[in-house]
Amino acid sequence: MISKIILVMTTVLMKTKIILSKKPVGVSKISLSIRLNNSPKSSTYDATIQHLWRENAGLGLPIILDSGDKKTGNGLRREVRPIGLRERITSASYPDRFEYTIENPSLLIYPVTYHKGYFYFEEMKSVPSERESKSNLNSGSGCRLVWDVEYVPMRLMGPIVVFITNTIQKLYLSALAKYMDSETKPE
């Protein structure tokens, strides 16, 4: 009898884990990428953690709730003022990628029921164009930074979430390019 109870409990727990690990129904994705010329992906990753996360892209310092791993940013938690949005880096693989989530979505802060963000850093090698060869600008390598956001908006909030997310992505990536003193090439 006890073995049957344990078997049933184990089966229920396994099914629960499978259900919890799946993404919710209705997940949408917004993706934006830029190319940062003459910047290796490790430097781009470092600048993203430092300038976008720890310094909030120069838009007013966030409150750092947990500094996380100094190199990868894993575990870093911050609160973005004045709205009180709390974000946490949930996993990192330096210098290739990191993931984050919003800890306190709400109608007034960020109207979603699910949020997961991903930063990917890809080393780019390029053959300079004829113009670039003549001017000796932007030749060599760079980094392509891809920022994906998966979300499920609260009811009737889809267009607002898209607008907010696109605006933030463009603002932050432009600030990162300026911080790194690189030419931005939207892709």
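Student: Which residues is E99 in contact with, leaving aside its neighbours within four places in sequence?
Tutor: In this predicted model, E99 is in contact with R88, I89, T90, S91, K116, G117 and Y118 once those neighbours are left aside.

Student: And where is the place of E99?
Tutor: E99 belongs to strand β5, which covers residues 97-102.

Student: Is E99 buried or exposed, and why?
Tutor: E99 counts as buried because its relative accessibility is 19%, and the cut-off for buried is under 20%.

Student: How many bridges join β4 to β5?
Tutor: Six bridges join these two strands, and they run antiparallel. One of the pairings is between A92 and F98, the latter lying in β5. The two strands are connected by a hairpin of three residues.

Student: Changing topic, how many residues does α4 have, and what is its reach?
Tutor: Helix α4 spans residues 158-179, 22 residues in total. From its first C-alpha to its last it reaches 31 Å, close to the 32 Å expected at 1.5 Å a residue. Just after α4, D181 adopts a positive phi of about 55°.

Student: Which α4 residues are buried?
Tutor: The buried residues of α4 are G158, V161, T165, Q169, Y172, L173, A175, L176 and A177.

Student: Now the largest pocket: how much space lies in it, and what lines it?
Tutor: The largest pocket holds about 430 Å³ of space. Its lining has 24 residues, with L85, E87, I164, I168 and Y172 nearest the centre. Two or more lining residues come from each of α2 (41-54), β3, β4, β5, β6 (112-126), β7 (140-153) and α4.

Student: Which element gives the most to that lining?
Tutor: Helix α4 does, with five residues. Y172, one of the residues nearest the pocket centre, is also buried in α4.

Student: And how does the lining divide by class?
Tutor: The lining of the largest pocket comprises 17 nonpolar, four polar and three charged residues.

Methods:
Residues are numbered from 1 along each chain as its sequence is written. This is a predicted model: local features need pLDDT of at least 70, side-chain atom pairs count only at pLDDT 80 or more; totals for chains, interfaces and linings use all residues. Side-chain values use heavy atoms; hydrogens and water are left out. Two strands pair if DSSP finds at least two bridges between them. Helices (H or I, at least four residues) and strands (E, at least two) are DSSP runs, numbered from the N terminus. Buried means under 20% relative accessible area, exposed over 50%, partly exposed in between (1.4 Å probe, protein chains only). Contact means heavy atoms within 4.5 Å. The expected span of a helix is 1.5 Å times one less than its number of residues. On a 1 Å grid over the protein atoms alone, a cavity is a set of points where a 1.4 Å probe fits but cannot get out, and a pocket is an open set with protein on both sides within 12 Å along at least five of seven lines; lining residues have an atom within 4 Å of a point. Grid points are joined across faces, edges and corners, and a volume is the space filled by probe spheres set on the points. Ala, Val, Leu, Ile, Met, Phe, Trp, Tyr, Cys and Pro count as nonpolar, Asp, Glu, Lys and Arg as charged, and the others, Gly among them, as polar.
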